[in-house]
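Hi everyone, thanks for making the time. I'd like to walk you through some side-chain pairings in a model, so please have the viewer open.

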Amino acid sequence: DFLCISLVNGFTQLRYNLGDRTVILQTLQKVHANGNTWHSLNAGRVGNEGYLDLDGINVTQKASPGMNALDTHTDFFVGGVSSLNLVNPMAIENEPTGFTGCIREIVVNNRELKLTVTDPKGGANIGDCDGTDCGYTVCKNNGTCLVENSGFSCSCPREWTGTTCEQSIHCSQNMCGSHALCIPQPSSFSYTCVCALGWTGKYCDNKIKFYIAKFVGNSYIKYTDPFYGKRDLQYSRLSLNFTTNQTEGLIAWMGTSENEDSDFLAIGLANGTLKIVINLGERISVPLMHSKYFTCSVGRWHFVTVVQNQTCIKVYLDEELILFEDIDPQRKYTALNYGGICYFGGFEIGRKVNTVTTGLFQKEFIGKIKDVVLFQDSKKIQLIKAEGYNVYDGNSGN
């Protein structure tokens, strides 16, 4: 199997083979080989249907019956390969040769690769394309980079300031403490301080403790499981108590959430109904919905437990078994490789729930969570010792 993008006689070509035949797509127009024109290229496949888009002009190869998974076990190469005998003869039209030119902003499966000296696994004969201290993304937020004798400077748009235009003018004189993020509020020419876990107050300078976490929207907790390396991932379990008066919200997400192929176990609310989704690899399982209407009465606590025994899923609500389903009788994938990461209430600030979960859940959780237990651990998770923002003490008030 392979997937290869190359230049052939001035045209861009995508070739891939999923195990049965080689599919070839070629752009309709040639690239400008003058060395100073940037081109935008989008290429890939969904199943065995390929697409190739150069500067907005798209070529698509309609799918026909056949293989639809790309099984490759080599490194990912950009611009050339470490050894030419790694290249399948069908992957390119002519003899393989390395790329000469500049490449920037590579995004693979929604993750941008950092094209720096240190981030790639290896490489050879690579230089700085720009040739100055002004790289492609040195100045943030549409700032303009200017080369100077001592390096560079950024000319910033009106709303931004700082050496790389990284700071909003509304936050330039902020009084947020060291345990806070400054969030600009352009409409009121002001800002708000969003407090890290364990801190509260207008400027996040009051220390607090809590055993019940209160989520107010735009809140999240990210917990790293210290025992992940010792877990038997074929038998996972997550239980917690929650209370809410909302009909939508992501309560918990076991998984790294880095890309759409990552394994996860998710608990949330959709249309006032408890919704569980589990992905053990390659495909997202059918969401499991609690059939009867679920009332989210204010102040009433609900106890939910999700147990994964290989591909068999059991869900208990208030100690009653409400769902019992085998999500894959073929047993192709049986382990929940969640990376030791658990999110509660939402994701990092700026990452929207409906985007990260690809529409499985619509918004952040608003309500309270307590008594979180992973697997068969004897102790509850100490949520306050995790990472997070905008989470309050749920003991105070109702």
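Let's start at Arg-300, which is partly exposed because its relative accessible area is 41%. For that term, buried means under 20% relative accessible area, exposed over 50%, and partly exposed in between, with a 1.4 Å probe and protein chains only. The side chain of Arg-300 meets that of Asp-318 in a salt bridge, 3.6 Å from N to O. This pair links distant parts of the chain, 18 residues apart: Asp-318 is in the loop between strand S24 (312-317) and strand S25 (320-326), and Arg-300 is in the loop between strand S22 (288-289) and strand S23 (302-309). Asp-318 is partly exposed too, with a relative accessible area of 33%.

A word on the source: this is a predicted model, where local features need pLDDT of at least 70, side-chain atom pairs count only at pLDDT 80 or more, and totals for chains, interfaces and linings use all residues. Residues are numbered from 1 along each chain as its sequence is written, and side-chain values use heavy atoms, with hydrogens and water left out. Helices (H or I, at least four residues) and strands (E, at least two) are DSSP runs, numbered from the N terminus.

How many salt bridges does a search of the whole structure find? The search finds nine, each being a side-chain nitrogen of Lys or Arg within 4 Å of a carboxyl oxygen of Asp or Glu. Side chains of opposite charge can pair when their charged atoms come close. Another of these bridges joins Lys-222 and Glu-348, at 3.4 Å from N to O. Here the partners are 126 residues apart, with Lys-222 in strand S17 (residues 213-224) and Glu-348 in the loop between strand S26 (341-344) and helix H1 (353-356). Glu-348 counts as buried, because its relative accessibility is 18%. Then there is Asp-371 with Lys-380, a salt bridge of 3.0 Å, N to O. Salt bridges that share partners also join Lys-222, Glu-348 and Arg-351 into one network.

On to the rings, where the count comes to eight aromatic pairs. The rule takes rings of Phe, Tyr and Trp (its six-membered ring) with centres within 6.5 Å; planes under 30 degrees apart count as stacked, over 60 as edge-to-face and the rest as tilted. Tyr-220 and Tyr-389 form a tilted pair, 6.4 Å centre to centre with 40° between the planes. Tyr-220 sits in strand S17 and Tyr-389 in strand S28 (residues 387-393), 169 residues apart, and both residues are buried.

Why is the pair of Tyr-228 and Tyr-338 edge-to-face? The ring centres are 4.9 Å apart and the planes are at 80°, so the pair of Tyr-228 and Tyr-338 falls in that class. Tyr-228 lies in the loop between S17 and strand S18 (235-243) and Tyr-338 in the loop between S25 and S26, so the pair ties together parts 110 residues apart in sequence. Tyr-338 is buried, at 0% relative accessible area, whereas Tyr-228 counts as partly exposed at 24%. Elsewhere, ring pairs link Trp-253, Phe-264, Tyr-343 and Phe-347 into a cluster.

Last, charges over rings: NZ of Lys or CZ of Arg must be within 6 Å of the ring centre and within 35 degrees of the ring normal. Lys-314 lies over the face of Phe-324, 5.1 Å from the ring centre. Lys-370 lies over the face of Trp-301, at 4.3 Å from the ring centre.
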